[in-house]
Amino acid sequence: MSEHPVTNLTPANIVAFLEDIFERRGGEEYLGEPVTMAEHMLQGATLAERSGQDEIIIVAALLHDIGHFTSEFGTFSMEDTEDRHHEDAGADVLQAFFPTLVTDCVRFHVAAKRYLCATKSEYFARLSAASVHSLNLQGGPMSAQEVSAFETNPNLREIIAVRYLDDAGKHADMETPAFAHFAPMVQRVVDQHCGPTR
């Protein structure tokens with residue numbers, strides 16, 4: 001590949017870039033779950049919208065796993081023996097165009113799983129087999145010291161909200177709008193952060 005696809009992004013084309021990723025790669029398997037990558041993220045966003053969450057949470061839920069598409073390390077599989085850090089890959093692509101609240105929800109949604117496993121005894125039992133496998137690769141439940149550090153994040157509540165949407169977006173038979181439905185709100189979040197593009 002002569003040029004990395006994320007090198008020429010601007011506030012005016014980031015949403016089209018993200019939509020193109022959903023269209024080209026959204027049909028890929030999602031971590032051994034009964035949904036594709038796009039279905040998983042669209043379900044999270046749809047559930048957020050249906051429950052009356054703020055647009056910024058809807059957008060964060062929509063984009064939380066975008067690093068599976070943008071990471072040079074590729075997509076996680078059940079055969080993996082080490083973590084691929086998709087959360088950092090996704091946040092790195094988004095950080096120039098989205099507020100910290102969105103990028104924190106992307107960057108820390110894996111940490112949120114580790115946090116909830118450490119702080120809520122019933123949470124681990126709700127994880128899918130694929131989530132348990134990835135949890136083991138990602139360091140397992142947080143230590144008490146990690147929990148204390150994580151709780152200092154000013155966006156903790158929103159990060160946890162997106163984590164729950166992540167967990168909920170794995171239904172084989174759920175119908176959702178396409179990315180195009182959410183594109184205007186994604187652009188609004190970008191414009192609020194970067195200034196209007198037109």
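Which residues do ring pairs link into a cluster? In this predicted model, the answer is F108, Y115 and F150.

**The chain as a whole**
- The chain is built with eleven helices and zero strands, so its elements read α-α-α-α-α-α-α-α-α-α-α when you start at the N terminus.
- There are 198 residues, and 51% of them count as buried.
- Take the contacts between residues at least 6 apart in sequence: 72% of them join residues at least 24 apart.

**How to read a ring pair**
- Two things describe a pair of aromatic rings: the distance of the centres and the angle of the planes.
- Ring centres within 6.5 Å make a pair, and by this rule the count comes to four aromatic pairs.

**F108 and F150**
- The ring centres of F108 and F150 are 6.3 Å apart and the planes meet at 70 degrees, so this pair is edge-to-face; the cut-off for that label is over 60 degrees.
- F108 sits in the loop between α6 (100-107) and α7 (109-119), while F150 belongs to helix α9 (residues 144-150), 42 residues apart.
- F108 counts as partly exposed because its relative accessibility is 24%, whereas F150 counts as buried because its value is 7%.

**Y115 and F150**
- For Y115 and F150, the ring centres are 5.2 Å apart and the planes are at 50 degrees, so the pair is tilted.
- Y115 lies in helix α7 and F150 in helix α9, so this pair ties together parts 35 residues apart in sequence.
- Both Y115 and F150 are buried.

Technical notes. Residues numbered from 1 in each chain as written. Predicted model: local features only at pLDDT ≥ 70, side-chain atom pairs only at ≥ 80, totals over all residues. Heavy atoms only, no water. Phe/Tyr/Trp six-rings, centres within 6.5 Å; stacked < 30°, edge-to-face > 60°. Helix = DSSP H or I, 4+ residues; strand = E, 2+ residues; numbered from the N terminus. Buried < 20%, exposed > 50% of the residue type's maximum accessible area, 1.4 Å probe, protein only. Contact = heavy atoms within 4.5 Å.
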